[in-house]
Amino acid sequence: MRRVSSAENRRRFGDVADNWLVTDEPILSYLTDMDGVLVHEDHLVPGADQFLAELRDKDIPFLVLTNNSIRTPRDLQARLRHTGLDIPEAAIWTSALATATFLDDQRPHGTAYVVGESGLTTALHEIGYVLTDSDPDYVVLGETRTYSFEAITTAIRLVERGARFIATNPDATGPSREGVLPATGSVAALITRATGRDPYYVGKPNPLMMRSALRRIGAHSQSTVMIGDRMDTDVVSGLEAGMRTILVTTGISTRASVEQYPYRPTAVIDSVADLVGRTSHPFD
Ligand SMILES: [Mg+2]
């Protein structure tokens, strides 16, 4: 069969067709989840440093993604450096940045009441948002380790009065050495219970997070691979954003669990260490 070009596909079938018909485009860029793929909290996944070094040596554009909205890219860069990973600040994409990009697009120079930490407030300041509790356009909920009853009460009252409810990520829990921690999704549920309003979640598994990441590095979905450790977030959102996906088994999802899902990744590998030496052709 004659291979048709991307441009020809677009002419014939519209943009959507690209993702389905062009499956052997060369890999030109990577999106990779952070926790469970490159690090386990403060510990390096063995070989992750070599994998990232190869991307940089080959000038392959990449972004490291995290659904956690607590930290700014600069803080994350410093933390990652401690674990032995040297990642430029500009190569880190958080759900807070994706949320700010979304709001900047939807309602430029708007106002928001924020329940969250510096990762989120800094991202909103950078797009020119005014943070206020006086009749804001949005209530934006992110992750913090110090949820205050007073702040949540204010958020509930503002949502009741018509502020649009946004949350950075739907994760119900996050990891810690001592056990699970309640995360953004759990606190969002509290506000939803009180107001009857569901938030719009911007982070994974919303493919919006992937699309904004792709735009950030000027990459195209059909020539980008998404690497993640979770079928229900990384793989599904990579797939829905039109990318090929690689599941690594250094985190949450196991090889056996893959079969339980109605979708599957393009490839399953033990670790990103297995990609060293083949980053230009990961599926060969
Ligand atoms: Mg992960």
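The protein contains ten helices and 15 strands in what is a predicted model. Its radius of gyration is 19 Å, close to the 19 Å that the globule rule gives for 284 residues, so the protein is as compact as a globular protein of that length. Along the principal axes, the C-alpha atoms fill a box of roughly 60 × 50 × 35 Å.

**Burial and contact range**

- Of the 284 residues in the protein, 44% are buried.
- Among contacts between residues at least 6 apart in sequence, 66% join residues at least 24 apart.

**Helix pair α5 and α6**

- Two packed helices are described by the angle between their axes and the distance between the axes.
- For helix α5 (residues 95-106) and α6, the angle is about 30 degrees and the axes are 9 Å apart.
- On the α5 side the contact is made by Ala96, Leu97, Thr99 and Ala100, and on the α6 side by Gly119, Leu120, Ala123, Leu124 and Glu126.
- By class, the residues of this contact comprise six nonpolar, two polar and one charged.

**Glycine 119**

- Glycine 119 belongs to helix α6 (residues 118-126) and is among the residues through which α6 meets α5.
- This glycine is buried, because 26 other C-beta atoms lie within 10 Å and the cut-off for burial is 20 or more.
- Leaving aside residues up to four places away in sequence, glycine 119 touches Ser69, Ile70, Arg71, Thr72, Thr94, Ala96 and Gly142.
- Isoleucine 252 is 133 residues from glycine 119 along the chain, and the C-alpha atoms of the two are separated by 25 Å.

**Helix pair α7 and α8**

- The axes of helix α7 (residues 149-160) and helix α8 (residues 184-195) come within 10 Å and cross at roughly 45 degrees.
- At that angle, α7 and α8 are therefore oblique to each other.
- The crossing of α7 past α8 is right-handed.
- From α7, the residues Ile152, Ala155, Ile156, Val159 and Glu160 take part, meeting Val187, Leu190, Ile191, Ala194 and Thr195 of α8.
- The residues of this contact are divided into eight nonpolar, one polar and one charged.
- An α-helix has 3.6 residues a turn, so residues three or four places apart point the same way.

- Helix α9 (residues 207-216) has as its buried residues Leu208, Met209, Met210, Ser212, Ala213 and Leu214.
- Elements covering these buried residues include the strands β1 (29-33), β4 (62-66), β5 (92-94) and β13 (224-228), together with the helices α5 and α10 (231-240).
- Proline 205 lies in the loop between β12 (200-201) and α9, and a cis peptide bond with omega of about 10 degrees joins lysine 204 to this proline.
- Glycine 218 follows α9 and has a positive phi, near 65 degrees.

- Most residues other than glycine have a negative phi, and most peptide bonds are trans.
- Histidine 109, in the loop between α5 and β6 (111-115), has a positive phi near 55 degrees.
- Histidine 109 is exposed, because 11 other C-beta atoms lie within 10 Å and the cut-off for exposure is 12 or fewer.
- Aspartate 135 also has a positive phi, near 50 degrees, and is found in the loop between β7 (130-131) and β8 (138-141).
- With 11 other C-beta atoms within 10 Å, aspartate 135 is exposed.

Methods:
Residues numbered from 1 in each chain as written. Predicted model: local features only at pLDDT ≥ 70, side-chain atom pairs only at ≥ 80, totals over all residues. Axes fitted to C-alpha atoms, helices over the stretch in contact; angles between N-to-C directions. Helix = DSSP H or I, 4+ residues; strand = E, 2+ residues; numbered from the N terminus. Parallel < 35°, antiparallel > 145°, perpendicular 65-115°, else oblique. Left-handed = near helix turned anticlockwise from the far one by under 90°. Contact = placed C-beta atoms within 7 Å. Nonpolar A, V, L, I, M, F, W, Y, C, P; charged D, E, K, R; others polar. Rg over C-alpha atoms; globule rule 2.2 N^0.38 Å.
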